[in-house]
Amino acid sequence: MSLFFDKADYELLQTLHKLRERSDASSRFRRLFAPYFHPRGIKELVARREVRLLAAMTNLIDTLDQSDEAVDARLTALKSLYQEVIHGACSTLKLNTARVLLQIMKGMLRENSHKQQLRLAHDLRIALLGHPRFIRSQLTRYHLLEMPEEWNQVSFDYHVHDANTKGRKSPTHLIIDAWIKGVRSLQVIYYCYVPENAAKELLCAAEIMGIDVRIGVEFRVSFKWRQIDMIWAPRGFTGSTGFLNFLKRPDTAKFFSDGRKQAGQSGRTILQLLKEFNQHYLPKLNSKLKTNFKSLNEADFLVAVKFGQPSIEHLLEFITEHLVSIQPSLRGDAIFESELEKWLYSRLSQLPPPDDQFSVNKFLQLTKNLKAGFRLTLNLSGLSLADVIEAIYDCEGAVTHLEVFNLKDHFGGHSTPCDEINCFRQALNRGDLIRLKRIIRNCRKQFSSDSSLAGRDEKFRTILHHLPQLIDYYARHPLGARIGSDSTGRFTRHPGMGLVVLESLPLRARRIAIKEQRQLPLTASIACVETSQLHPDLFRYKKRKKNVVSWRNDDDIATFGKNGNVISLGAIGNSGETEQPVETRSRLPYLSSNVKIFLKLAGGFIPAFLSFFLTRDWWLLAYGGAFIWLGITAVRNIIQSVLGGGGFKRADLLKWNDFISWQRVADSLLYTGLSVPLLDWLVKTVVLDRTFNVTAENNTVALFSIIAVVNGCYIAGHNLFRGLPRSVALINLFRAFLSIPPAIFIGWLLQESLLLSGFSMALTAITLQQWAAVISKTASDLVAGIVEGYADRHANLTQRLMDYQIKIKELFAAYTRLEIIFPEKDVLEMFKTPKRLIASIAGNQKNMDKELIVDVMDLLYFRMYQPQARNAFRMVLKNLDRDERKIFFRTQNVLTREREISLLFLEGVAGKRFSRVLSFYLLYAPIYLRELKALAEK
């Protein structure tokens, strides 16, 4: 037995190496990514859950291929991954556990150290158990804030980039990272045009992960004396299909064709900047460092850009990596990187603007001609208050939002008068003419001191005379605010993607955010709204009212100040999205599972044994008390788990010990062993007997009541320490009071039994006093077995009902498609002869036969292998109407076609490791069909 790590950790690491080195190993699992495979269905017979997760993640990360086939493969893998981490999770921190799982797998794929990969493999397997304390420790390790399980946090980022512009990540990778960080609303920025495949991948990935995503197109337009950046975001489409159809329209294609020309010109400007670097900055750098760096090659730079559009971020990274590869001492030199960045931006501002750049008026006219709703955001980078006022006035209400805060500019030291501009925005939205007049007059005072600005002074005089008109532009639709990180996923000196309003986070996360100084100098005004909504009741298949807490934005940004309530989702002071996890120096978390179980058992047994051995004269309690105490808890845990899973008598394939989590039993024995010195020695002997003279002889009720209450407080305390929900701790505290009557009854029963056996009253009282703590413990575990057993049963039953609900919905959807495929046939009658049905489906619809067979096979697997499946199955059937039951029973006839199903698995519908699935089907499908026949007759 290995002291550190489990055999499964090494096997998982071996699988990872195969996935990274051999494409055929990855493709072996690709069949399991098909959306009709349920995460708790027959795919469990093909590969373990952690292997399936890792295989799916391997197909998503660091793949930038933009072909249709590659995009579809990433989206299919993403959907499978999301189903695995969400529908396959059993934890009170379901969504936070999923975030941790995704983050750990990202680390495994990026890590090159064998030792670190092995640690991450162990972490992944432990995280799958969903223990709250471990999940929270991993969130802290990866600088992630805990999100509410209701997923109602006010989190957003309205300015991010993917690999199609200046970012590093594919659209799918970007969406995964946003979800891991807890972002719910996202706007991805493209330059001058939108690549169709990128839009498809981004929108579909966001739909899968439940993120509200918008696409913005940033144009640099000429505005009188300078250039300004405007983000055009078309809107009003029905899902991703509506937006993709908009991109295919001839007028949209023509608009983006002109945009591609502008993007090409911008790319040539970056290449010119590279030449400027070679000619001017590089010689000075060689002279300063006494090095001999060669000129950088333009072709190598374009290869580094890959699918993106050449940008100054690409150039900065390319130059830095090239120089560091030759002069390693430059790595991590913040001064060098800062100087280089300042030089590049300064030189870029000196280069002439492109000749074919849109003017503001032309740009606005082109966007209006597209006849689509849109939001138009003015990027404030490098603009003054006067610039913003003039641009808004000239655009005549076309500007709908101002990007009042840019995280990258804020941490980069770029000065923008955000507070002044936001005050102007608020005054404009309120129609505060007096304040607007004061703001504009202050701008004119600045112009009067410079004769070269006389023209602007005259323009602001015109604006001053047309203030009612300016106010009228935003009377119906106020000028909104946007906040963005301008994140690229590259090396940065700011926290990276994602912002969130502090009040919408759990209390624990708020404390961590304030402690880590993540607060930004802006405050958002939000209000908590509690509404009653109709939700499905899984146990009755009816709608019931449920209170739902949500947050309403009264105003995007209310005020600017030192420490506001908007915080970054990345840790300030780290390197943003490239921040390194906090490594633990201790090796104890990586002990093998068997060693951990042994240590927990020893940790519970030793204090229990010493407590009885040192305080008892009777040999039975002195030597056997610890075994009795821990035995009560062990038996209770086993019976509770078995009954919660479905009982000892079942027709399915689960054995009684399949329901038992030995880690859970070990945890329970550890804490119950530690309670012996507390309850038996300190409370019963020292406090009650010696201090207050409360014994079984003179006050039995008080003795058992006080022991029970202290035991309840102790259990609630270690529940909170382990990170369990407060509701669980309160239930365990309440169960202490429920255990008092059983303890008194057991004590009375023992007393009467001893008296009938011939014991004297004095000896009976002494015996009862010695066994008082054990009696209270027995009563407590008796109540716990009932309460927690019911809770386990309810949890298993709820999960099974959810599984059946999802799978039956998919089955009925498949049946509906068959009705559409065969409009002139009675599909229900076709299921009486499944051989002809499968042949007809195979000839008319690709993959339809696979989907139907996998659906019924998953239902078979549920019934035979999942806890509480029998009860859930009967509840589901009971709540279906007559026609739905008839459809359900007829569709199961597909399982009678052994030849077609066997051939399908031989052809690899579930990959190459199909033998277990096939033998399972051949052995147990007849049993399942006989049970269905009996139910149908009823």
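Tutor: Contact here means heavy atoms within 4.5 Å, and helices (H or I, at least four residues) and strands (E, at least two) are DSSP runs, numbered from the N terminus. The model is predicted, so local features need pLDDT of at least 70 and side-chain atom pairs count only at pLDDT 80 or more, while totals for chains, interfaces and linings use all residues. Residues are numbered from 1 along each chain as its sequence is written, and side-chain values use heavy atoms, with hydrogens and water left out.

Start with helix α5 (residues 94-110) and helix α6 (residues 114-127), whose axes come within 9 Å and cross at roughly 165°. Axes are lines fitted to C-alpha atoms, for helices over the stretch in contact, with angles from 0 to 180 degrees between N-to-C directions. The angle makes α5 roughly antiparallel to α6 (under 35 degrees is roughly parallel, over 145 roughly antiparallel, 65 to 115 roughly perpendicular, the rest oblique). This crossing is left-handed, the term for a near helix turned anticlockwise from the far one by less than a right angle, with right-handed for clockwise. On the α5 side, T97, V100, L101, I104, M105, G107 and M108 take part, and they meet Q117, L120, A121, D123, L124 and A127 of α6. The residues of this contact divide into 9 nonpolar, 3 polar and 1 charged (Ala, Val, Leu, Ile, Met, Phe, Trp, Tyr, Cys and Pro count as nonpolar, Asp, Glu, Lys and Arg as charged, the others, Gly among them, as polar).

I270, L271, L274 and K275 of α11 meet E298, F301 and L302 of α12. By class, this contact has 5 nonpolar, no polar and 2 charged residues.

Now the sheet. It is open and has 9 strands in the order β7-β6-β5-β4-β3-β2-β1-β8-β11, with mixed pairing (two strands pair if DSSP finds at least two bridges between them). β7 (480-484) and β11 (566-568) stand at the edges, each with a single partner strand, so one side of each has no neighbour in the sheet. From one strand to the next, the twist averages 30°.

Within the sheet, β2 (residues 185-191) pairs with β3 (residues 212-223) in the parallel sense over 7 bridges. L186 stands opposite V213 in β3, and Y191 has E218 in β3 as its bridge partner. On to β4 (residues 226-235): 7 bridges join it to β3, and the two run antiparallel. V217 is bridged to W232 in β4. The β3-β4 hairpin has 2 residues between the strands, and K224 takes a positive phi near 55° there. Helix α18 (residues 418-430) lies across β6 (401-406) and β7, and runs at about 155° to β6.

Last, the charged pairs. The structure holds 48 salt bridges (a side-chain nitrogen of Lys or Arg within 4 Å of a carboxyl oxygen of Asp or Glu). One of these joins the side chains of R52 and E84 at 2.7 Å, N to O. R52 belongs to helix α3 (residues 49-58) and E84 to helix α4 (residues 68-87), so the pair, 32 residues apart, links distant parts of the chain.
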